[in-house]
Amino acid sequence: MACIEARGLRKAFGTTVAVDGIDLRVEEGRILGLIGPNGAGKTTALNAILGLTPYQGELMVLGRDPWTERDQLMRDVSFVADVAVLPRWMRVSQALDYVAGVHPRFDRAKAEGFLAKTTIKRASKVRELSKGMVAQLHLALVMAIDAKLLVLDEPTLGLDILYRKQFYDSLLNDYFDRSRTIVVTTHQVEEIQDVLTDVMFINRGRIVLHCSMEEFESRYVEVTVHPGQVAAARALKPIHERQVFGRSILLFDGVDRQQLAALGDVRTPSIADLFVAVMGNQAGMAPGMVEGAA
Amino acid sequence: MNTQSDAVPEASRDSQGIAPAAMSPTRPMYWSVRRELWENRSLYIAPLAVAALGLFGFLISLIFPPKDSGLAPLDPAYRPAALAMPYSHAAMLLILTAFIVGIFYSLDALHGERRDRSILFWKSLPVSDLTTVLSKASIPLLVLPLLVFAITVLLQQIMRLLSTAALLMSGGSAVTMWRQLPLFQMELVLLYALAVMTLWYAPLYGWLLLVSGWARRTTFLWAVLPLVAIGLVERITFHSSYFGSMLKDRLIGFAADAFVLHAPGSPPLDPHFILLNQLTPGRFLSSPGLWMGLAVAAACLVAAVRLRRYREPI
């Protein structure tokens with residue numbers, strides 16, 4: 001059974017189509033990065049997966065229909081929607097008590113262990129914590145839940161780089177094992193490149209690209225072309241070309257690495273570079289609309 | 001009231017030991033109600049503050065007794081009623097406080113969680129919309145009445161102790177007062193009155209909860225203006241005021257069904273001094289107004305549960 005399976009998933013708000021017929025299959029044990037410009041439909045798709053919004057089409061998460069079975073589904077799914085959703089009036093100790101009270105798979109000792117590594121006081125109210133501490137608290141709560149699927153929608157939004165690094169480190173070291181599945185969206189693409197097993201680009205409600213990171217690394221090659229070889233390189237049909245310090249950097253899809261090595265310095269592109277290339281090739285895409293990539 | 005929960009409660013400790021499937025279905029309900037009390041501390045602070053104020057006033061009246069009251073020789077038939085007056089005043093004040101607190105609580109219950117976006121956190125946990133709405137409805141329908149009863153009983157006992165002390169210090173005897181003040185009977189009547197009013201006002205709370213889950217802002221206006229508008233349209237179109245009198249009946253109509261207001265051959269009912277034989281629970285339970293109201297309350301709650309599934313932060 002796939003962790004997430006969608007066929008023709010569609011969601012419209014009035015005349016605006018946020019998710020336009022997505023087919024999707026996420027297997028167990030993957031870490032999928034969902035990358036897209038603002039308004040691409042990422043959050044809407046995640047909300048459908050989490051049972052927060054009704055949708056058209058077929059969608060099964062862990063074998064359940066999220067819209068009609070949200071409360072049962074949430075025994076096996078955790079999500080961090082945004083750092084600001086923890087109730088501001090709540091004390092840290094109350095948050096622990098409450099989640100322990102309502103969640104059958106919450107391991108309180110584990111959460112206390114995570115909190116012990118931070119400077120968060122148990123008697124503090126959420127409103128008294130800094131943004132980074134709130135994110136730490138939420139992550140401690142979520143990581144102490146023995147869930148099969150964890151959904152992170154911009155979990156590090158507004159956090160400084162130290163917190164962001166720490167966030168993904170503890171996620172990988174203390175939480176992820178091969179039986180869990182993680183879906184994450186973020187604008188800081190470059191920070192999660194090494195974390196992901198799969199990447200998906202989404203634009204205007206459609207999936208533009210979906211591949212595993214192994215596939216990504218073997219398919220895409222970026223070449224800083226030697227000045228004399230530009231014409232030869234262009235003949236191999238790059239999907240994107242940009243200039244850095246007067247040198248041409250060309251991005252190729254499925255062209256032999258050996259062949260390209262003769263034309264210049266070869267490397268695997270960053271997800272951000274590929275994102276810019278793929279989005280730039282989408283018709284009608286203004287340059288300024290690609291945010292956060294690069 | 002336990003607000004300080006730094007100590008690990010027993011209930012949360014055993015969650016680690018038991019198998020996930022063994023979680024009792026009432027636990028999310030229990031913790032959801034506690035959650036409401038953590039968030040809305042005014043639920044118990046307001047009645048406690050009013051009780052403290054009432055006690056202070058009573059103390060003043062003991063130290064400086066008003067000339068024309070208290071233990072002055074009265075018609076013996078009216079003495080118990082005069083004695084009971086401050087006690088029933090205290091009870092009425094607390095009932096009124098709980099009513100106001102309950103109204104403001106209900107108006108915010110399903111609105112606040114959307115306003116502060118915390119609804120996304122609550123929805124990330126395995127708690128159904130039904131449990132959430134029922135836990136919020138239980139505050140005005142169960143928690144507040146019981147709280148008011150407990151605080152009132154406590155307050156009245158303290159008041160009786162204080163006046164006993166005052167009587168003894170002034171050299172009098174407290175025996176007459178203890179014999180003539182039917183405090184236990186008054187507390188039974190209070191429990192009955194609280195149950196009656198809670199059941200009678202249930203549709204009101206249900207409506208406010210529904211509006212709080214539905215309106216994006218200004219919940220108070222959305223709760224009140226439609227009722228005013230219906231009354232106005234009826235008046236202009238049909239020159240009648242059935243809707244208005246229906247609302248008025250919803251506010252005070254319980255009294256006629258739940259108590260003997262005018263028994264033949266006896267004085268009219270004194271709201272400060274209701275005796276057990278003046279209660280008519282049978283008539284109240286068989287009044288169509290009660291059951292229609294409960295049906296409206298149930299419909300509002302069902303709608304609020306359905307609605308919460310679609311709700312997101314505003």
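Predicted model: local features only at pLDDT ≥ 70, side-chain atom pairs only at ≥ 80, totals over all residues.
Visitor: Where does Phe216(A) lie, and which residues is Phe216(A) in contact with?
Guide: Phe216(A) lies in helix 8 (residues 213-219) of chain A. Helices (H or I, at least four residues) and strands (E, at least two) are DSSP runs, numbered from the N terminus. Leaving aside neighbours within four places in sequence, Phe216(A) is in contact with Val199(A) and Cys211(A). Contact means that C-beta atoms, placed from the backbone, lie within 7 Å.

Visitor: Why is helix 11 of chain A called largely enclosed?
Guide: Helix 11 (residues 271-281) has 8 buried residues out of 11, so the rest of the structure largely encloses it. Among the buried ones are Leu274(A), Phe275(A) and Met279(A). The C-alpha atoms of Leu274(A) and Phe216(A) are separated by 9.6 Å, though the two are 58 residues apart along the chain.

Visitor: What makes strand 11 and strand 13 of chain A edge strands?
Guide: Start with the sheet. It is open, with 4 strands in the order 11-12-10-13 (chain A) and antiparallel pairing. Strands pair if DSSP finds at least two bridges between them. Strand 11 and strand 13 (264-267) each have a single partner strand, so one side of each lacks a neighbour in the sheet. Neighbouring strands are turned by 25 degrees against each other on average, direction ignored.

Visitor: Which strands of that sheet does helix 11 of chain A touch?
Guide: Helix 11 packs on strand 10 (220-225), strand 11 and strand 12 of chain A, and its direction makes about 80 degrees with that of strand 12.

Visitor: How do you know that strand 11 and strand 12 of chain A pair?
Guide: Count the bridges: 5 join strand 11 (residues 240-244) to strand 12 (residues 247-253), and the two run antiparallel. In strand 12, Ser248(A) is the bridge partner of Gln243(A), and Arg247(A) stands opposite Val244(A). The hairpin has 2 residues between the strands.

Visitor: Why does Phe245(A) count as exposed?
Guide: Phe245(A) counts as exposed because it has 6 C-beta neighbours inside 10 Å. Phe245(A) sits in the loop between strand 11 and strand 12 of chain A. Its phi is positive, about 50 degrees, although it is not a glycine.

Visitor: What is phi of Arg204(A)?
Guide: Phi of Arg204(A) is near 50 degrees, a positive value in a residue other than glycine. Arg204(A) is found in the loop between strand 8 (198-203) and strand 9 (206-212) of chain A.

Visitor: Why are helix 3 and helix 6 of chain B called roughly parallel?
Guide: The axes of helix 3 (residues 42-63) and helix 6 (residues 129-169) of chain B come within 10 Å and cross at roughly 20 degrees. That makes the two helices roughly parallel. Angles under 35 degrees count as roughly parallel, over 145 as roughly antiparallel, 65 to 115 as roughly perpendicular and the rest as oblique. Axes are lines fitted to C-alpha atoms, for helices over the stretch in contact, and angles run from 0 to 180 degrees between N-to-C directions.

Visitor: Why are helix 8 and helix 9 of chain B called oblique?
Guide: Helix 8 (residues 183-214) and helix 9 (residues 219-238) of chain B pack at about 130 degrees, with axes 9 Å apart. Helix 8 and helix 9 of chain B are therefore oblique to each other. The contact is made by Trp207(B), Leu208(B), Val211(B) and Ser212(B) of helix 8 and Thr219(B), Trp222(B) and Ala223(B) of helix 9.

Definitions and conventions. Residues numbered from 1 in each chain as written. Chains lettered and ligands numbered in written order. Buried ≥ 20, exposed ≤ 12 C-beta atoms within 10 Å, placed from the backbone. Contact = placed C-beta atoms within 7 Å.
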